Amino acid sequence: MVFPYMRNCLLVIVLAGILAGSVSVKAQSVADIVTPEFFNGILDQADASCEGKNFYSRAAFLEAVNSFPQFGTADDIRREIAAFFAHVTHETGHFCFIEEIDGATRDYCDETNTQYPCNPDKGYYGRGPIQLSWNFNYGPAGQSIGFDGLNSPETVATDPVISFKTALWYWVNSVQPVIGQGFGATIRAINGAIECDGGNPATVQARINYYTEYCNQLGVDPGPNLTC
């Protein structure tokens, strides 16, 4: 005989099991889609001399994803993964570059942002899969992920898991909210001020080409509104 209180306990146990199962399925889904073949298919296009060749890895990406369970939940997970890696491919040259070319010569300090003041001895130029830039991104990214983004921004170029975490941090905070508007909106969220509205049609098209290629690989329709 199952008494009422026992029935309630069983219900709680079953629900907990369902919830736990859904989380593990979600985590497994990312790993299933970002297969070694998919990830290495990007990485293998980088020249052997590229510094990113021995820095970026599928294992580091999957470890970073564990800290961002919302990744892949805003749209069809395959389409979101295709969009993410399209931008990563473009920003890093197929995982070739860790740091922005000539980035150290450029000023990415917004002195008007007093919440995240610049360290005058540090540079906030592009680093990592999404090429995180500016003090107002390094500061909150570091606080969220757990490193000193303002005083040790170079960590993004020396720790591959943190590097991927910064890309995912930027993605879920600044890109994922607009992904439902189409791939073009994600371009605008990443580099719209420079590339969109006729700013640089060639780089916009390059991002679109990567995106549609990855959508084809993953068997998902790229959807509308591809350009910006």
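Predicted model: local features only at pLDDT ≥ 70, side-chain atom pairs only at ≥ 80, totals over all residues.
**View 1. The disulfide between Cys-50 and Cys-96.** A disulfide is a covalent bond between the sulfur atoms of two cysteines. Here the sulfur atoms of Cys-50 and Cys-96 lie 2.1 Å apart, and the torsion about their S-S bond is about -85 degrees, so the disulfide is left-handed. The pair links distant parts of the chain, since Cys-50 sits in the loop between α2 (36-43) and α3 (58-65) while Cys-96 sits in the loop between α4 (77-92) and α5 (135-145), 46 residues apart. Cys-50 has a relative accessible area of 9% and is therefore buried, and Cys-96, at 11%, also counts as buried.

**View 2. The disulfide between Cys-109 and Cys-118.** The sulfur atoms of Cys-109 and Cys-118 are joined at a distance of 2.1 Å, and because the torsion about this S-S bond is about 110 degrees, the disulfide is right-handed. Cys-118 is partly exposed, with a relative accessible area of 22%.

**View 3. The disulfide between Cys-196 and Cys-228.** In this link the sulfur atoms of Cys-196 and Cys-228 are 2.0 Å apart, and the bond is left-handed, with -85 degrees about S-S. Distant parts of the chain are again connected, with Cys-196 in the loop between α7 (183-195) and α8 (201-218) and Cys-228 in the segment after α8, 32 residues apart. Cys-196 is buried at a relative accessible area of 5%, and Cys-228 is buried at 18%.

**View 4. The pairing of the bonded cysteines.** The model has three disulfides, and when the bonded cysteines are numbered in sequence order the pairing reads 1-2, 3-4, 5-6.

Technical notes:
Residues numbered from 1 in each chain as written. Heavy atoms only, no water. Disulfide = S-S within 2.5 Å. Helix = DSSP H or I, 4+ residues; strand = E, 2+ residues; numbered from the N terminus. Buried < 20%, exposed > 50% of the residue type's maximum accessible area, 1.4 Å probe, protein only.
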